Amino acid sequence: MNRASARNMFIGATVIVSAIFLYMTVLSLQSLPERANTGNITEGVAWGKKVFERHACIDCHTLLGEGAYYAPELGNVIARRGEGYVRVVLETAAVQGWGTTRKMPQFDLSEKDIDSLVEFFIWMGKINTSNWPPNIEG
Amino acid sequence: MTYKYESQRVAFPYFVAALGLFAAQILFGIVIGIQYLAPDFLFPAIPFNIARMIHINLLVVWIIFGFMGSAYYLLPEEVEGEIYSVKLAWLHFWMFLVGGATAVVGYLFRWHDGREFLEQPFLIKVAIVIVVLMFIFNMVMTMIKGRRRTSITVVLLIGFLGLAVFYLFAFFKPDNMVMDKYFWWWVVHMWVEGVWELIMAAILSFLLIKLTGVDREIAEKWLYIIIGLTFLTGIIGTGHHYYWIGTPEFWQVWGAWFSAIEVLPFVAMIIFSLKMVSMRTKKHPNKAALNWTVGTAIVSFLGAGVLGFMHTLPQINFYTHGTQMTASHGHLAFFGAYAMIVLAMTSYAVPNLRKKTGEIMSQKAEIFAFWTMVISMICIALSLTGAGVVQVYLQRILATSYMETQTHMVIFYGMRLFFGATFTLGLAVYLYDFFLLKRASSR
Ligand code: HEM
Ligand code: HEM
Ligand SMILES: [Fe+2]
């Protein structure tokens with residue numbers, strides 16, 4: 001093999017795998033209404049996501065296994081702790097932070113922010129994740 | 001070996017900036033390493049999430065500084081002509097440095113966006129795009145005006161174009177978290193297992209040609225083989241991130257098969273560099289540069305190839321996903337591939353750019369730093385693998401709660417911090433050697 005044929009193989013391979021990948025992307029996006037309940041994304045869910053980003057929650061917690069590994073998984077937090085408990089955590093965090101060893105800092109969270117975060121977590125919990133995580137502890 | 005074109009000298013500040021930001025990155029790495037053991041450290045002034053985003057953002061920024069510096073150094077020699085505009089290179093150097101510093105200081109004051117790795121506020125993101133486009137413009141003009149077109153420069157250009165194009169997905173923030181995650185990986189995965197590998201392979205080829213004197217035709221053939229394997233495996237290999245985030249189950253088949261062979265480009269880089277060294281026609285006096293160059297091929301294989309493969313199959317990833325296993329792999333892969341390739345180029349180029357150009361002074365300190373950093377980082381990765389094994393067993397298999405599990409991993413976090421300290425020692429020696437020992441002769 002010489003340089004020119006190596007280059008042609010590079011180009012050929014790239015074109016083929018890119019085409020396959022784009023086709024699979026289309027299929028993936030088409031599956032979202034069903035797997036991720038796109039229809040249930042209310043204003044609250046959308047706002048909850050924004051609050052989640054405003055405080056960079058992802059840089060301590062994981063969400064569906066992605067993020068930082070310093071604090072518990074949040075994708076299934078409603079199933080694990082229940083809505084009431086999650087509310088208590090957020091309401092306490094809004095005043096003084098939360099936790100005993102590793103701590104969550106105090107965050108400015110309005111009533112609306114807290115309601116929306118809970119809605120967001122409820123929506124996250126219903127995503128079809130192919131049975132991940134292995135157990136409720138995340 | 002002295003520099004041949006006056007405009008190559010503009011690479012020098014890029015390497016200096018890269019090293020300064022590298023040191024700051026490690027400082028914040030130590031901060032979060034301590035917080036894992038003593039959560040109240042610097043809390044609540046600098047909480048974990050803020051320090052972590054600084055650790056990683058500095059990493060990405062210094063690597064890109066290193067890539068740009070490498071490009072400015074090698075372009076004139078490759079195309080046989082001066083850089084199109086040295087002024088432009090200086091302008092976007094300062095823009096990037098000021099933009100990066102603003103972002104980091106902003107983070108300390110909670111001015112940030114909220115997606116992992118992409119925390120840059122909107123304005124900073126726009127500034128980054130502008131800087132990269134200015135750089136690419138300068139690169140393209142240099143290539144057009146140059147006398148020679150080489151495969152190394154073409155591959156390097158594709159790499160930078162890809163870096164810019166995939167970063168555009170950082171602006172896409174849909175309300176649907178699954179879609180958000182889907183395209184988030186188009187930045188992160190497509191960078192580190194796609195276009196950045198092209199930049200790495202191009203720099204590696206340049207260095208091997210310079211250090212061994214072997215014919216360009218052979219090196220450039222290997223370059224195309226490596227990047228062909230990169231895209232062949234890495235593009236559909238993105239699917240190894242689509243197992244559990246709400247995307248279809250066919251990814252568990254496609255993602256597994258293609259990502260499993262993502263190790264191939266890294267194997268090819270090892271074969272390539274060992275082959276070039278065994279065929280060498282001259283013994284280059286810059287031993288440290290050769291260490292970093294062959295080292296980057298080997299350590300990236302360990303970090304990306306071996307540790308990456310270990311958790312890439314869905315049957316395993318189901319248990320390891322989002323544990324310290326991921327952090328272990330992330331560290332050794334990033335260090336082996338991207339930190340080390342930049343340090344390799346620094347090691348090769350900087351002596352040529354100093355006042356007494358081309359003179360290789362004693363490299364004892366640098367070689368000590370090389371071994372200290374490489375061994376420390378391997379030990380950091382092993383410590384985190386230990387932590388990951390405990391976490392998978394207790395939390396994922398026995399269903400122990402997250403916080404309870406963490407208390408059983410303390411020993412490994414202690415080891416990680418210890419090797420973080422030895423890593424810092426290696427870096428300190430490196431910086432001492434770079435800035436102080438040779439200051440007399442630097443420009
Ligand atoms: C003194 C050495 C270092 C220490 C103590 C350290 C510590 C840490 C810690 C505690 C985290 C956060 C993990 C989590 O989210 O829970 C982290 C993340 C990270 N660090 Fe470091 N770090 C060090 C050096 C480095 C170096 C040299 C690199 C790369 C060249 C690096 C790249 C990364 C990356 C890519 C992540 C994100 C990992 C992921 O998301 O899986 N670090 N580091
Ligand atoms: C130089 C190349 C590479 C770098 C710099 C790199 C870096 C990283 C980083 C930083 C993460 C964590 C992302 C996050 O925070 O969620 C990650 C995840 C991952 N990487 Fe790599 N990687 C490289 C190559 C590879 C290769 C070649 C493979 C497989 C063969 C691989 C397999 C994986 C997998 C499966 C994950 C997801 C882990 C999880 O489920 O938590 N990586 N990589
Ligand atoms: Fe990946």
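The iron atom of ligand 2 gets just a single protein donor, His329(B), whose NE2 sits 2.0 Å away (donors are N, O and S atoms within 2.8 Å of the metal, or 3.2 Å for Na, K and Ca; water is not among the atoms, so sites may look incomplete). This is a predicted model, where local features need pLDDT of at least 70, side-chain atom pairs count only at pLDDT 80 or more, and totals for chains, interfaces and linings use all residues. Residues are numbered from 1 along each chain as its sequence is written, chains are lettered from A and ligands numbered from 1 in the order in which they are written, and side-chain values use heavy atoms, leaving out hydrogens and water.

**Around ligand 2**
- His329(B) is found in helix α12 of chain B (helices are DSSP runs of H or I, at least four residues, numbered from the N terminus).
- The iron atom of ligand 2 and the iron ion (ligand 3) are 4.3 Å apart.

**Around ligand 1**
- Here the iron atom has His55(B) and His331(B) as its protein donors, each through NE2, lying 2.0 Å from it.
- His55(B) belongs to helix α2 (residues 48–79) of chain B and His331(B) to helix α12 (residues 324–353) of chain B, so the pair ties together parts 276 residues apart in sequence.
- His55(B) is buried, at 12% relative accessible area, while His331(B) is partly exposed at 28% (buried is under 20%, exposed over 50%, partly exposed in between, with a 1.4 Å probe and protein chains only).

Technical notes:
Helix = DSSP H or I, 4+ residues; strand = E, 2+ residues; numbered from the N terminus.
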